[in-house]
Amino acid sequence: MFDSKKIKEIEGQVQTWNEKIEKSLERNPERKKEFQTTSGIPVPRIFTPDAVPGLEYSSDLNFPGEFPFTRGVQPTMYRGRFWTMRQYAGFGTAEDTNQRYRYLLDHGQTGLSVAFDLPTQIGYDSDHPLAQGEVGKVGVAIDSVKDMEVLFDRIPLEQVSTSMTINAPASILLAMYMVVGENQGVAPDKLNGTVQNDILKEYSSRGTYIFPPKPSMRIITNIFEYCTRKVPNWNTISISGYHMREAGCTAVQEVAFTLSNGMAYVEAARKAGLDVDIFAPRLSFFFNAHLDFLKRSPSFGPPGASGRKS
């Protein structure tokens, strides 16, 4: 990938540069002995081509839209189409949140992201004794199809995609959303959006599960199967590392655990008799992008290299 003579020349320049830096540090020492990312990975003062001498362009980097997709999954990325812009929002009653949604859409937002309150997330109605003090606090309270109709009042579901951060009751909330669509005259195959539906990370990171793991996994694969046939433009799961990172794991652990959960969902669906090529295109992922989103880790470099972007 890089000319070996040029790399040797750069190595010599780096050594000279470091010698200058060390002299200047006698007068102005650095604030820390070692700078690290939030995941504890050391960050050198400077990066040069000699950091990845073993890089093979076609297999390690390649073109945009081509495996291993290090330069994006779309060939021209957002030159042709912008990403969907949606703000995670929800509070109080369905009417309160509907007003917020219409305000956001009127001011340029191109999709919706529904935050449900804690009772809704764990399957309690707002009038349940255990819901006292939590109704409408961290999201909108949705107890019925009527609530869902109010939530999306005057919002054309055939034009707006909706992401719903809901897990254990995902099938119920999706069914309500479909009814609202039908009442608007929008067929299920015209709906676009996502249910989070990622129960495994609930056991490790969030705690809003209702059922044991095995029945929960069966519900998830049932959603895969149903949506493949009836709601083909719907993303049936958002396999989430974000919550793991918020719970304290490192970036490397976040990616590892999330991909592990993804493999578990695929395996469960295959055991249920589903064709992976049919349901897999509608599996989505949700990661926590910190300021150190692009970084190099010594554990990911090719033989003889000090690291590679991870």
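Tutor: Helices (H or I, at least four residues) and strands (E, at least two) are DSSP runs, numbered from the N terminus. By that count the protein has 11 helices and 9 strands. The model is predicted; local features need pLDDT of at least 70, side-chain atom pairs count only at pLDDT 80 or more, and totals for chains, interfaces and linings use all residues. Residues are numbered from 1 along each chain as its sequence is written, and side-chain values use heavy atoms, with hydrogens and water left out.

Student: What is the mean pLDDT of the protein, and where does pLDDT stay under 50?

Tutor: The mean is 89, and 93% of the residues reach 70 or more, where pLDDT is the predictor's confidence in each residue, from 0 to 100. Residues 298-310 stay under 50. Where pLDDT is low, the predicted coordinates should not be read in detail.

Student: Which residues does Arg86 contact beyond its neighbours in sequence?

Tutor: Arg86, found in the loop between α2 and β1, is in contact with Gln109, Gly111, Leu112, Ser113, Ser161, Thr162 and Ser163, leaving aside neighbours within four places. The C-alpha atoms of Arg86 and Gln109 are separated by 5.7 Å, although the two are 23 residues apart along the chain. At 31% relative accessible area, Arg86 is partly exposed. Across the protein, residues 24 or more positions apart account for 66% of the contacts with a separation of 6 or more.

Student: How do you know that α8 is roughly perpendicular to α10?

Tutor: Two packed helices are described by the angle between their axes and the distance between the axes. Axes are lines fitted to C-alpha atoms, for helices over the stretch in contact, and angles run from 0 to 180 degrees between N-to-C directions. Helix α8 (residues 213-230) and helix α10 (residues 251-271) pack at about 75°, with their axes 9 Å apart. Angles under 35 degrees count as roughly parallel, over 145 as roughly antiparallel, 65 to 115 as roughly perpendicular and the rest as oblique; α8 is therefore roughly perpendicular to α10.

Student: Which residues meet where α8 packs on α10?

Tutor: Met217, Ile220, Thr221 and Phe224 in α8 meet Ala264, Tyr265, Ala268 and Ala269 in α10. The residues of this contact divide into 7 nonpolar, 1 polar and no charged, where Ala, Val, Leu, Ile, Met, Phe, Trp, Tyr, Cys and Pro count as nonpolar, Asp, Glu, Lys and Arg as charged, and the others, Gly among them, as polar.

Student: Why are α6 and α8 called roughly parallel?

Tutor: Helix α6 (residues 170-183) and α8 pack at about 25°, with axes 10 Å apart. That angle is under 35 degrees, so α6 and α8 are roughly parallel to each other. Ala170, Ser171, Leu174 and Met178 in α6 meet Ile219, Ile223, Tyr226 and Cys227 in α8. The residues of the contact of α6 with α8 comprise 7 nonpolar, 1 polar and no charged.

Student: How many aromatic pairs does a search of the whole structure find?

Tutor: The search finds 9. In one of them, Tyr57 and Phe63 lie 5.6 Å apart centre to centre, with 75° between the planes. Rings of Phe, Tyr and Trp (its six-membered ring) pair if their centres lie within 6.5 Å; planes under 30 degrees apart count as stacked, over 60 as edge-to-face and the rest as tilted. The pair of Tyr57 and Phe63 is therefore edge-to-face.

Student: What makes Phe285 and Phe287 a stacked pair?

Tutor: Their ring centres are 6.1 Å apart and their planes are at 0°, so the pair is stacked. Phe285 has 41% relative accessible area and is partly exposed; Phe287, at 32%, also counts as partly exposed. Elsewhere, Tyr101, Phe152, Tyr177 and Trp234 form one aromatic cluster.

Conventions:
Buried means under 20% relative accessible area, exposed over 50%, partly exposed in between (1.4 Å probe, protein chains only). Contact means heavy atoms within 4.5 Å.
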